[in-house]
Every structure is written in C-alpha cells, then in structure tokens.
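Thank you for making time for this one.

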Amino acid sequence: MSYLNPVRHITFDAHDPYLVAGFWAALTGASVHPDDKPGDDEVLVDPGVPGVPGLLFIRVPDAKTVKNRVHLDIQPPAGTRDEEVERLTGLGARVVDDRRTPDGMGWVVMADPEGNEFCVERSAVERGLA
C-alpha cells in the first residue's frame, strides 16, 4: 500500500504573493508555477515532486501583526547553516532572533520579505547526514 501525503499545500497570507513566492522558490530550489504571474492573487511554489506539498501564497489585505503560530524549519542540504543565513539575507530575509550557541549548535530565526518567520537549522552536512 502506498502512502499519499494528505497535505497538498502549505499556505501563506501575503500582500504581494508573487514577490514572496519568488523568495521561497529561491530558498527551496523549487519553481513558481509557470501559470502564475506578478499581480496574481494566488501564486504557487511547485516542488515538482508528487506527494510533496507546494507553498501557496494568497493575497490578503491585512498586515502581519503577530508571531506565526506555525513556521517552517529549514535544514540546508549543503554548506552550513551560517552560509545559508547569509544567502537568505541576500535574498531579502532578515534575522529576527539568533539562537546559535558558542558550541556551534542552535538555529537562526529569520523572516521572509513580508515578515513570515522560519528557522534555519544546522545543515545536513553539519549534522553528519550528507
């Protein structure tokens, strides 16, 4: 019996869905769906892998005002956590809270260009998984 992941999309509210989707596409290495264009009210970052949820960005009028109740934890597949933090900062993210410890453990809480928080953990390489 095969397993079908019931989670189809992880959905984010956004003022500019196309802009934020572009950030997350660059973060994940996935692509913005080819039918989606700037100005669209819904924009999908399509992983292109069956059973893997897409990231869906939907236009809303209200601003983000409080901390996310749900967030994504990012484990870089290559390089280091610190290199990934630098790369994501270059893409428009900002550091919200630095939880790195002197022994090299910990994580960095970041926010995407519209303020949605996510955490960058140690990479697969740093964990000895790659």
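Let me begin with Val43, which sits in strand β3, where helices (H or I, at least four residues) and strands (E, at least two) are DSSP runs numbered from the N terminus. What we look at is a predicted model, in which local features need pLDDT of at least 70 and side-chain atom pairs count only at pLDDT 80 or more, while totals for chains, interfaces and linings use all residues. Residues are numbered from 1 along each chain as its sequence is written, and side-chain values use heavy atoms, with hydrogens and water left out.

Is Val43 buried or exposed? Val43 is buried, with a relative accessible area of 0%; buried means under 20% relative accessible area, exposed over 50%, and partly exposed in between, with a 1.4 Å probe and protein chains only. Leaving aside residues up to four places away in sequence, Val43 touches a set of residues that includes Pro17, Tyr18, Ala21, Val32 and Leu55, contact being heavy atoms within 4.5 Å.

Now to the sheet around it. Strand β3, residues 42-46, is joined by four bridges to strand β4, residues 54-59, and the two run antiparallel, with Glu42 opposite Ile58 in β4; strands count as paired if DSSP finds at least two bridges between them. These strands belong to an open sheet of four with the order β1-β4-β3-β2 and mixed pairing, in which β1 and β2 (31-32) are the edge strands, each pairing on one side only. Helix α1 lies across β1, β2, β3 and β4 and runs at about 160° to β4, where axes are lines fitted to C-alpha atoms, for helices over the stretch in contact, and angles run from 0 to 180 degrees between N-to-C directions.

A second open sheet has four strands in the order β5-β8-β7-β6, again with mixed pairing. Its edges are β5 (72-74) and β6 (94-98), each with a single partner strand, so one side of each is left without a neighbour in the sheet. Neighbouring strands here are turned by 30° against each other on average, direction ignored.

Going through the pairs, β5 runs parallel to strand β8, residues 117-120, over three bridges, and Leu72 has Phe118 as its bridge partner. Strands β7 and β8 pair in the antiparallel sense over four bridges, with Val109 opposite Cys119, and β6 and β7 are likewise antiparallel over four bridges, with Asp97 opposite Val109. From β7, Val108 and Met110 point one way and Val109 and Ala111 the other, yet all are buried. In the hairpin of β7 and β8, which has five residues between the strands, Gly115 takes a positive phi near 95°.

As background, an α-helix has 3.6 residues a turn, so residues three or four places apart point the same way. Just after α2, Gly92 takes a positive phi of about 115°.

That is where I will stop, and I am happy to take questions.
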